[in-house]
Amino acid sequence: MTRIVRFADTTGVVRTGLADDSGAIRIFPGAPQVARLLRRTAAELRALVEETAAREPDAREAEVLLLPPVDGLMEVWAAGVTYERSREARIAESTEQSVYERIYDAERPELFFKSVPWRVVTDGEPVAVRDDSALNVPEPELALVLNRHAETVGYLVADDVSSRSIEGANPLYLPQAKVYAGSTALSTGIVPAWETAAPAALKIAMTVLRNGGAVYEATTSTAAFHRTPQDLVHHLFHGQPFPDGAVLATGTGIVPELDFTLREGDLVEIVIDGVGRLVNPVTTGRAALDWLTEALDDPWVRLTHRRD
């Protein structure tokens with residue numbers, strides 16, 4: 001299986017390429033941004049991937065720094081209440097329960113902006129919980145990689161970290177509960193849509209480790225989707241263009257009970273069959289993610305904040 005990756009070489013230059021299971025990377029001709037790749041149609045992108053895969057390797061993953069696979073004018077969005085479990089959890093936590101009962105069966109899905117590219121973290125980098133929230137959870141999700149033509153061209157593992165106490169106090173607080181430094185994590189490699197099974201029944205598993213032991217484990221499947229991914233894409237693109245494409249997290253079917261909250265030092269592992277693995281340590285507060293602004297000029301700053 002190949003993966004479209006974005007990486008920094010030893011000089012700090014950011015490039016894009018195609019990684020394979022051996023760890024070899026083949027750089028795309030011209031090394032365009034991921035955003036530039038997503039200006040192509042699905043057929044054009046597939047042709048470029050297959051052409052690049054036939055070339056000799058240019059580098060190895062061990063020699064470079066893999067980066068979040070988002071850049072340019074890409075945006076990360078997310079969907080809510082797309083699984084029955086999510087509906088139940090949102091009702092349980094909220095002071096306005098009927099809102100989530102209605103949205104689950106409504107024709108229009110819940111869609112919300114999640115992150116700009118530079119604020120996204122990736123494998124090994126910390127996710128954060130807000131220091132003004134008492135109840136915080138990871139939300140493992142299959143993410144669709146969409147080109148500017150609203151075609152699904154790939155898949156990622158996503159963690160939509162959320163403050164349940166803030167959103168539960170009032171649904172209008174959702175942006176504060178969902179959009180903050182360290183709330184969005186994506187796996188490093190985009191798995192091309194034509195190289196994995198359609199997201200009809202992909203197993204999603206999450207484990208939270210604390211002091212070396214599992215304190216929470218659960219699994220679900222995309223077979224439990226209440227909405228189709230294509231329906232979510234239709235509504236996302238209906239109201240606005242995405243000239244450099246977008247990433248859309250499709251909602252979670254795994255939500256812990258109200259007696260569980262993430263703590264500083266926890267380790268969250270998410271695995272989606274056929275897509276990949278995402279592991280992130282947990283930290284607290286905005287200051288713990290201030291390094292993201294430094295990484296805009298020096299991507300290797302990220303290495304000092306990663307955990308194997």
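Strand β1 (residues 3-8) runs antiparallel to β5, and 3 bridges join the two. Strands here, like helices, are DSSP runs (E, at least two residues, for strands; H or I, at least four, for helices), numbered from the N terminus. The model is a predicted one, so to speak of local features takes a pLDDT of at least 70, side-chain atom pairs count only at pLDDT 80 or more, and totals for chains, interfaces and linings use all residues. Residues are numbered from 1 along each chain as its sequence is written, and side-chain values use heavy atoms, with hydrogens and water left out.

Stepping back to the sheet, its 5 strands follow the order β4-β3-β2-β1-β5, with antiparallel pairing, and the sheet is open. Two strands count as paired if DSSP finds at least two bridges between them.

Most residues other than glycine have a negative phi. A31 has a positive phi, near 45°, and is found in the loop between β3 (24-27) and α1 (34-37). N211 also has a positive phi, near 55°, this time in the loop between β15 (203-210) and β16 (213-221).

As for accessibility, A31 counts as buried because its relative accessibility is 19%, while N211, at 81%, counts as exposed. The cut-offs are under 20% relative accessible area for buried and over 50% for exposed, with partly exposed in between (1.4 Å probe, protein chains only).
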